[in-house]
Amino acid sequence: MARGPKKHLKRINAPRHWMLDKLGGVWAPRPSSGPHKLRECLPLIIMLRNRLKYALTRREVLAIVMQKLIKVDGKVRTDMCFPAGFMDVISIDRVHEHFRLLYDTKGRFVIHRISDAEAKYKLVRVRERFTGKGGVPYISTHDGRTFRYPHPEIHANDTVKYNIETHELLEFVKFEIGNLAMVTGGHNLGRVGLIMRRERHPGSFEIIHLKDAVGHEFSTRIGNVFCIGKGSKSLITLPRGKGVRKSILEEQEERYRLEKQKAASVAAAVGKTPVVKSKDKAKAPTAKPGKTTTDKAGKHKKVKHTSYTGSFSLPVKKAKE
């Protein structure tokens with residue numbers, strides 16, 4: 001029987017979206033207790049070492065975080081196993097870079113690079129609204145935050161724009177039909193679309209139907225839907241693909257198109273190189289000294305390096321009489 005909290009994590013049991021290689025060792029970094037669950041977070045050590053490549057080893061990551069160079073939501077974090085999660089803003093002031101953790105359509109974390117202006121806020125989803133001691137209303141969010149005296153119209157499932165620097169609530173987005181949302185769980189994890197309709201099932205899970213930018217419809221539970229904008233305008237920048245899932249054939253066609261463009265650009269670059277004209281001097285022979293070649297008459301001749309004059313001379317042996 002286990003006694004106390006677990007302190008280890010086998011690599012084979014680590015979340016799949018961490019994308020750790022199976023033969024890279026037995027153990028994986030176990031996230032510390034924090035605002036996000038173990039299987040819904042990305043530890044700082046994996047972000048710095050495996051994704052951003054700012055470090056090669058665990059010891060280098062430890063040296064980085066102990067210099068207080070890494071900030072999560074504007075607060076310095078020296079724990080390299082700190083669990084960063086969805087919508088968190090990671091700042092590295094020394095290199096003037098900011099990242100936001102989002103999902104791609106394959107359910108993996110994307111470390112999306114953002115500007116300095118966008119790094120000043122984040123979106124939080126309201127889990128529940130309560131009334132505390134003394135009749136004080138407050139809300140709890142998906143990242144473990146609590147806000148007292150929120151706007152009277154803010155309720156569960158709504159999204160709030162939170163200022164990281166001043167710790168204020170700037171604006172909110174109601175969970176309504178026609179707003180833009182991202183799926184944060186289930187089979188459609190990472191997809192973005194407009195909320196089309198809401199199915200209510202008393203005593204069970206409510207189902208939300210969405211439609212993406214290309215017209216594909218999908219549905220998920222209400223707990224997996226995270227509003228990110230009013231109407232079709234998003235409050236944050238989205239990663240590549242804009243949350244539209246592609247089929248295998250569509251991905252294949254896109255790869256072929258990119259390869260074709262790359263080949264065309266290489267051919268164009270090669271075509272721009274200067275070509276030696278007929279009136280210019282002939283190029284130096286490509287044959288190496290010591291090897292034999294054949295002339296136009298079919299006779300063998302040996303490549304011989306004479307005194308250096310900027311080119312190779314090819315003396316031909318006279319045929320024996």
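Predicted model: local features only at pLDDT ≥ 70, side-chain atom pairs only at ≥ 80, totals over all residues.
A residue is called buried here when its relative accessible area is under 20%, exposed when that area is over 50%, and partly exposed in between (1.4 Å probe, protein chains only). Residues are numbered from 1 along each chain as its sequence is written, and side-chain values use heavy atoms, with hydrogens and water left out.

Let us stay with Glu206 for a moment. Glu206 forms a salt bridge with Arg198, with 2.7 Å between the closest N and O atoms; the term asks for a side-chain nitrogen of Lys or Arg within 4 Å of a carboxyl oxygen of Asp or Glu. Arg198 has a relative accessible area of 32%, so this residue is partly exposed. Asp104 and Arg108 make another salt bridge, and here the closest N and O atoms are 3.0 Å apart. Asp104 counts as buried because its relative accessibility is 17%, whereas Arg108, at 29%, counts as partly exposed.

Now for the helices. Helices (H or I, at least four residues) and strands (E, at least two) are DSSP runs, numbered from the N terminus. Helix 1 spans residues 44-51, and six of its eight residues are buried, so the rest of the structure largely encloses this helix. The buried residues in helix 1 are Leu44, Ile45, Ile46, Met47, Leu48 and Arg49. Just after helix 1, Lys53 takes a positive phi of about 65 degrees.

How does helix 1 sit against helix 2 (residues 58-66), and at what angle do their axes cross? The axes come within 10 Å and cross at roughly 115 degrees; they are lines fitted to C-alpha atoms over the stretch in contact, and angles run from 0 to 180 degrees between N-to-C directions. On the helix 1 side, Ile45, Leu48 and Arg49 meet Arg58, Val61, Ile64 and Val65 of helix 2, where contact means heavy atoms within 4.5 Å. The residues of this contact divide into five nonpolar, no polar and two charged.

Strand 5 (residues 89-92) is our next stop. Val89 and Ser91 point one way from strand 5, Ile90 and Ile92 point the other way, and all are buried. Strand 5 runs antiparallel to strand 2 (residues 70-72), joined to it by three bridges; two strands pair if DSSP finds at least two bridges between them. Within this pairing, Val72 has Ile90 as its bridge partner. Strand 5 also pairs with strand 6 (residues 97-103), in the antiparallel sense over four bridges, and here Ile92 is partnered by Glu97. Strands 5 and 6 form a hairpin with four residues between them, and His96 in the turn has a positive phi of about 55 degrees.

Finally, back to charged pairs. Lys122 forms a salt bridge with Asp143, the closest N and O atoms being 2.9 Å apart. Lys122 lies in strand 8 (residues 121-131) and Asp143 in the loop between strand 9 (137-141) and strand 10 (146-148), so the pair ties together parts that are 21 residues apart in sequence. Both Lys122 and Asp143 are buried. These two residues also belong to a network of salt bridges that links them with Asp73, Asp88 and Arg145. Across the whole structure, a search finds 19 salt bridges.

Notes. Nonpolar A, V, L, I, M, F, W, Y, C, P; charged D, E, K, R; others polar.
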